Amino acid sequence: MSILIVGVNHKTAPVSIREKVSFSLDSLPLALHAAHQVVPENLILSTCNRTEIYAAAHPQQSVAALIDWLAGWHKMSAAQLQPYLYIYQQDDAVRHALRVACGLDSLVLGEPQILGQLKTALQAASDQATTGNQLNRLMQHAFSTAKKVRTQTSIGANPVSVAFAAVSLAKQIFSKLETQTALLIGAGETIELVGKHLATNHIGKIIVANRSIDKAQKLAAEYGGKGIGLPELADHLPQADIIISSTASPVPILGKGAVERALKIRKHRPMFMVDIAVPRDIEQEVAQLDDVYLYTVDDLHSVIEENLQSRRAAAEQAEGMVITEVSNFMAWLRAQDHMNTIRAYRARTESIRQEVFDKATALLQNGKSPAEALQFLAHTLTNKLSHDATQAMHAAARNGDHQLLAHARTLFNLSTDDNG
């Protein structure tokens, strides 16, 4: 089997495609089991910027089967999906997995959230028993590589993230945030980061709306704000100068009609909106309204670009570390192909050891001295363990097989001074 990755991300597909192939948390267990019928091992990573299927599989049959499955699951044809897909196999797939874990393939270079999302994806797959030895080892290798990159480079030194970019964009629209009210929809990690950045920039007021009002109130309390349930959203919308949304809802939460009503109450004072969610939380038609500035994750590229300069040198260093770690993992993967040989060799030596030990024990029981029994054990064990290798090297010498003899010197750790 080989490592295989099939997916789309922010580089290959617009948000309109990414939202079509995303997996909700509720659908993930069923999807993992369905994909498990296609490949022996799989996990699914689905975020606002990417959907990827990681698999350990037989590559010739599995690539087309996975593409057909992914398209079919989302009621698309393979032909519709194909232009946006990337496919990685073996060392290319391992490199991609490590780069994803390190934040080197993220919209925001070096962002740390993706590592947590990858760990969550592995946990979900483990819970459904759809991973095995190869994917588990790959993920652990990716996590340890990401830790090395974080500790040995400065890639995470500056606060650059989608959340940071959204707040930076808000500052460009409203030069001062002290008199503005921000409405945050959702209560996940991204919204938490948005809240922190807004608080750092002295936002006037924060309202947090979430399906769980307890979560909304808990998060809002950290910033002296107010937490509300999603049914109250329309009532508080007219107060909001800044709306930033990031939920896992499969359908839009905020529609054009609700925004129109809020604008009338606001007397058409502008509203700045950032929809970080995939699928989108805010209907596309909202962007058509006057006095509304609506941005999606794809619109944050230019803001993010301004904050990346300090991370690029660190990223180059990280890429070098990834190359080394890919080689290490591929060496482990190749070794798995020969584990049966290693196990057979160890079983054979264990059998010889037991046979000689039993004979030495019998000598002691038959009255031989410990010294005689030990001498027999050492002599017989040495002869039996070296017999096959010695015979093979004699044959190689007679046949002029210098390559086998050179390999034997390496295998048995013989120096060139041992030529005899």
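This is a predicted model: local features need pLDDT of at least 70, side-chain atom pairs count only at pLDDT 80 or more; totals for chains, interfaces and linings use all residues.
Trainee: Good. In the open sheet of six strands, what is the strand order?
Mentor: Strands are DSSP runs of E of at least two residues and helices are runs of H or I of at least four, numbered from the N terminus. Two strands pair if DSSP finds at least two bridges between them. Here the pairing is parallel, and the order reads β7-β6-β5-β8-β9-β10.

Trainee: Which strands stand at the edges of that sheet?
Mentor: An edge strand has a single partner, so one side of it is left without a neighbour in the sheet. That describes β7 (226-229) and β10 (292-296).

Trainee: How many bridges pair β6 with β7, and in which sense?
Mentor: Look at Ala209, which stands opposite Ile228 in β7. Strand β6 covers residues 205-210. The sense is parallel, and the count is four bridges.

Trainee: Is strand β3 largely enclosed or exposed, and why?
Mentor: Buried means under 20% relative accessible area, exposed over 50% and partly exposed in between, with a 1.4 Å probe and protein chains only. Arg50, Glu52, Tyr54 and Ala56 on one side are buried, as are Thr51, Ile53, Ala55 and Ala57 on the other. Because eight of the eight residues of β3 (residues 50-57) are buried, the strand is largely enclosed by the rest of the structure.

Trainee: How many bridges join β1 to β3?
Mentor: The two strands run antiparallel, and Gly7 stands opposite Glu52 in β3. The number is eight bridges.

Trainee: And β2 with β3: through how many residues does the hairpin join them?
Mentor: Strand β2 (residues 41-46) pairs with β3 in the antiparallel sense over six bridges. Ser46 stands opposite Thr51 in β3. The hairpin that joins β2 to β3 goes through three residues.

Trainee: What is the relative accessible area of Ser2?
Mentor: Ser2 lies in strand β1 (residues 2-9). Ser2 is buried, and its relative accessible area is 6%.

Note on methods. Residues are numbered from 1 along each chain as its sequence is written. Side-chain values use heavy atoms; hydrogens and water are left out.
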